[in-house]
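Please read them with the structure open.

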Amino acid sequence: MTSTVGPARGAGAVDTALMETVRRTGASIGAVYLLAPDDAVLRIDALCGAPAEFAAPWARVPLAAPAPVADAVREDRLVWVGSQEEMARSYPRTAMALPYPLALAAAPISGTGRWGSLLLMWPATRPPVLTRREHGYVFSCCRRLARLLADAAASGQPHVPGEAPREVPLDLGRRPLSAAGAAADFAERLPGGSCALDLDGRITYLSSGCAELLGRDASALLGTLPWDSLPWLDDPTYEERYRAAVISREPVSFTACRPPDRWLDFHLYPDGGGVSVRIVPTGGAPPAAPAPRRETTTTAAPARAGQLYQLMHLAAGLTEVVGVKDVVDLVADQIMPAFGAQGLILATVDSGRLRISGHRGYPAEVIERFDALSLDAVSTPAGQTVASGIPSFIGDAEEMRRIYPEVRPLTDKQAWAFLPLIVSGRPVGLCLMSYDHPRAFAAGERAVLTSLAGLVAQALDRARLYDTKQRLAHGLQRALLPHSLPAVAGLDVAARYLPATRGMDIGGDFYDLIRLGDNAAAAVIGDVQGHNVDAAALMGQVRTGVRAHAPLGGPPDQVLATANQQLIELDPGLFTSCLYAHLDLAGQRLSLASAGHPPPLTRLPDRRTTPVEVPPGPLLGIDPDATYPVTEIPFVAGQLLLLYTDGLVETPGTDFDDSLAELTGHLAAADDRDLDALIDTLLDRVRPPSKRTDDIALLVLRSRASE
């Protein structure tokens with residue numbers, strides 16, 4: 001359940017709940033993430049304990065992303081990361097955006113619907129596990145937030161996150177203002193210099209000794225960012241130290257040279273309200289409790305530290321995308337908002353033309369005009385950019401008219417960044433980012449966008465290859481699975497195949513129903529080892545082999561033995577499980593044999609449901625002398641038989657017998673008036689998409705009285 005329209009009603013209540021949770025859990029930073037209207041992206045609504053700028057790399061998190069806040073919502077559980085090392089192991093992308101010593105918890109905001117996630121961070125000095133009391137309070141706050149959001153939605157004014165996170169102040173009970181003079185006098189008496197920064201990094205106080213050491217008047221420094229007002233501190237290394245102090249809440253120190261040759265030691269002491277800084281000449285008397293030095297690997301560059309971390313975070317994301325749609329979604333969800341763009345077109349080169357792969361912020365008629373643009377059209381900015389391989393940044397409509405007088409405006413966009421996507425010297429596409437207002441593209445922004453275009457190009461090229469292989473594999477699989485099942489008198493049938501939700505989306509699971517005369521049939525289900533084209537091809541061979549021998553009238557053990565011999569002769573290097581069932585509808589009998597396959601389930605007309613004990617023989621393709629014992633049971637009118645593959649019941653870390661018992665209970669309770677609806681029920685309850693890590697095949701058969 002997510003909100004779609006309306007103002008941010010109840011923001012004050014959400015902010016209060018967040019602030020109280022941060023204070024009562026001892027966290028240093030807290031954030032409330034809310035699901036976007038399409039349930040695909042989590043966006044920060046409120047942030048406490050850090051400036052919104054710091055959260056830019058993780059302000060928008062796709063729900064499918066491997067990130068703590070996304071896992072908490074998808075899996076409806078609390079995610080705890082107790083150290084920086086654990087973060088690097090479990091969530092490498094998040095670790096690149098948060099390269100600081102800290103502990104982290106993410107919990108789902110749910111109960112009256114699925115709303116989002118609560119994120120809390122602590123300094124790394126805290127204990128490595130959450131106490132039971134902390135755990136309970138985190139979930140109590142999540143339930144409170146869920147009720148607030150549900151009440152706002154019920155009132156007709158649902159709470160929606162704004163374009164930028166709200167910064168929630170953390171009231172820590174500051175000293176009364178009357179003590180300010182005494183505090184200033186205290187700082188003036190100390191050797192060296194003292195200054196204070198707010199959480200945004202702006203100087204809010206500095207002593208006369210500090211101004212002298214920095215070489216500027218206090219009036220020129222107050223209210224400024226040190227790396228803006230002091231050119232010799234304009235290095236991402238120093239800004240990174242400040243970020244490390246704010247996020248980790250641990251003291252940090254560094255040394256910098258004030259030209260021409262005066263070296264100064266900076267000692268930073270953070271809390272929830274800002275950072276206190278002591279500055280002393282290098283080699284001079286340090287503070288009484290010097291801050292520990294932290295080494296960083298950040299190297300100097302023209303871009304700000306925040307941009308560097310954002311670039312690393314986006315680069316890591318691009319290495320994990322799989323298909324072309326994934327590339328489009330990542331560019332739209334993370335790169336567009338990071339650079340303030342309102343429009344996006346991502347196109348690929350195909351037979352001398354640009355084909356639209358994805359877009360945002362453009363109407364359909366514009367996309368239709370732009371699609372299939374010839375690369376020979378060098379009089380257009382898109383064609384010229386791809387042809388030359390040189391990015392083009394156009395800051396306003398007048399510049400566009402001056403450079404490309406023949407181009408007629410199709411929208412009211414006012415600025416554009418045309419980025420060529422080049423791989424190994426060949427164009428693979430174009431990324432167009434557009435803006436609703438004129439924009440001066442600074443040199444640093446152009447450099448970052450150009451670098452990102454190279455990463456997008458590599459990701460897009462890999463994604464196109466993946467999609468091509470996937471289409472081939474899906475086509476092969478569709479060709480090998482039955483297009484429809486034959487009608488058999490006295491038998492109702494339904495079947496389903498579902499690929500895994502991750503990976504290549506292809507596997508070796510198969511099923512079949514073979515008509516054997518007027519009153520008999522054979523049902524087959526199997527699972528070839530692997531999830532690739534080879535598995536799908538072998539699946540087709542096994543299915544064809546079984547289908548060829550079943551009509552000869554042999555019992556189930558002979559059919560499996562023949563298929564086993566065929567696989568051994570082929571020697572594909574893959575093994576196959578298989579269950580073969582012979583249904584004698586006239587005699588109301590069922591004969592089964594298994595080659596290492598999970599047991600089928602049967603449900604009697606009175607809903608009694610049990611697994612059928614079929615002694616399994618070896619997997620097909622292993623032992624040329626294997627035998628497959630036959631089990632025979634009644635199959636009366638109204639009785640159900642469920643054949644399935646292991647993807648329906650096997651989960652890492654879960655006992656198979658427990659999973660089988662769960663499936664048995666769901667089958668017993670399911671409505672069987674519509675067998676397709678029964679399959680939907682089983683899948684929804686046993687293997688929803690978020691838990692489907694393997695492909696699944698199901699075949700349901702029900703005997704009915706002859707009419």
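1. A residue is called buried here when its relative accessible area is under 20%, and exposed when that area is over 50%. Asp467 has a relative accessible area of 15%, so it counts as buried. This residue belongs to helix H16, which runs over residues 443-480. Leaving aside residues up to four places away in sequence, Asp467 touches Gly323 and Val324.

2. The overall picture comes next; note that the model is predicted. The chain contains 20 helices and 29 strands. Of its 707 residues, 51% are buried. Among contacts with a separation of 6 or more, 63% are between residues 24 or more positions apart.

3. How many disulfides does the structure hold? The count is zero. Cys195 is in no disulfide, and the nearest cysteine sulfur, that of Cys210, lies 4.2 Å away. A disulfide would need the two sulfur atoms within 2.5 Å; the sulfur of Cys210, at 4.2 Å from that of Cys195, is therefore too far for a bond. Both cysteines lie under the cut-off for burial: Cys195 is buried with a relative accessible area of 10%, and Cys210 is buried at 0%.

4. Helix H5 covers residues 132-154. Just after H5, Gly156 has a positive phi of about 90 degrees.

5. Helix H19 (residues 656-669) can be checked in the same way. Its 14 residues reach 20 Å from the first C-alpha to the last, close to the expected 20 Å. Ser659, Leu660, Leu663, Thr664, His666 and Leu667 are the buried residues of H19. These cover an arc of only 165 degrees around the axis, which means that they are on the same side of H19. The face turned away from that buried side carries the exposed residues Asp657, Asp658 and Ala669. What does the buried side pack against? The partners of the buried residues of H19 are strands E24 (601-603), E25 (609-611) and E28 (640-644), together with helix H20 (675-686).

6. On aromatic pairs, the count comes to seven. One of them is formed by Trp232 and Phe266, a tilted pair with 6.5 Å centre to centre and 55 degrees between the planes. Trp232 is in the loop between helix H9 (226-229) and helix H10 (236-248), while Phe266 is in strand E11 (residues 262-271), so the pair ties together parts that are 34 residues apart in sequence. Trp232 is buried at 17% relative accessible area, and Phe266 is buried at 5%. The ring centres of Phe393 and Phe441 are 5.3 Å apart with planes at 50 degrees, so this pair is tilted. Phe393 in strand E16 (residues 392-394) and Phe441 in the loop between strand E18 (426-435) and H16 are 48 residues apart, and their pair links distant parts of the chain. Both Phe393 and Phe441 are buried. Ring pairs also join Trp232, Tyr238, Phe254 and Phe266 into a cluster.

7. Two charged side chains lie over rings. Arg126 is over the face of Trp122, 5.0 Å from the ring centre. Lys413 is over the face of Tyr362, at 5.4 Å from the ring centre.

8. Some backbone geometry deserves a look. Most residues other than glycine have a negative phi, and most peptide bonds are trans. Pro259 and Pro260 are joined by a cis peptide bond, with omega about 5 degrees. Pro260 is in the loop between strand E10 (252-258) and E11. Asp76, in the loop between helix H2 (68-75) and strand E4 (79-81), has a positive phi near 50 degrees. Arg249 is not a glycine either, and has a positive phi of about 60 degrees. The loop between H10 and E10 holds Arg249, which counts as buried at 13% relative accessibility.

How values were computed. Residues are numbered from 1 along each chain as its sequence is written. This is a predicted model: local features need pLDDT of at least 70, side-chain atom pairs count only at pLDDT 80 or more; totals for chains, interfaces and linings use all residues. Side-chain values use heavy atoms; hydrogens and water are left out. Buried means under 20% relative accessible area, exposed over 50%, partly exposed in between (1.4 Å probe, protein chains only). Helices (H or I, at least four residues) and strands (E, at least two) are DSSP runs, numbered from the N terminus. Contact means heavy atoms within 4.5 Å. Rings of Phe, Tyr and Trp (its six-membered ring) pair if their centres lie within 6.5 Å; planes under 30 degrees apart count as stacked, over 60 as edge-to-face and the rest as tilted. A charge sits over a ring if NZ of Lys or CZ of Arg is within 6 Å of the ring centre and within 35 degrees of the ring normal. The expected span of a helix is 1.5 Å times one less than its number of residues. The arc is that of the directions from the helix axis to the C-beta atoms.
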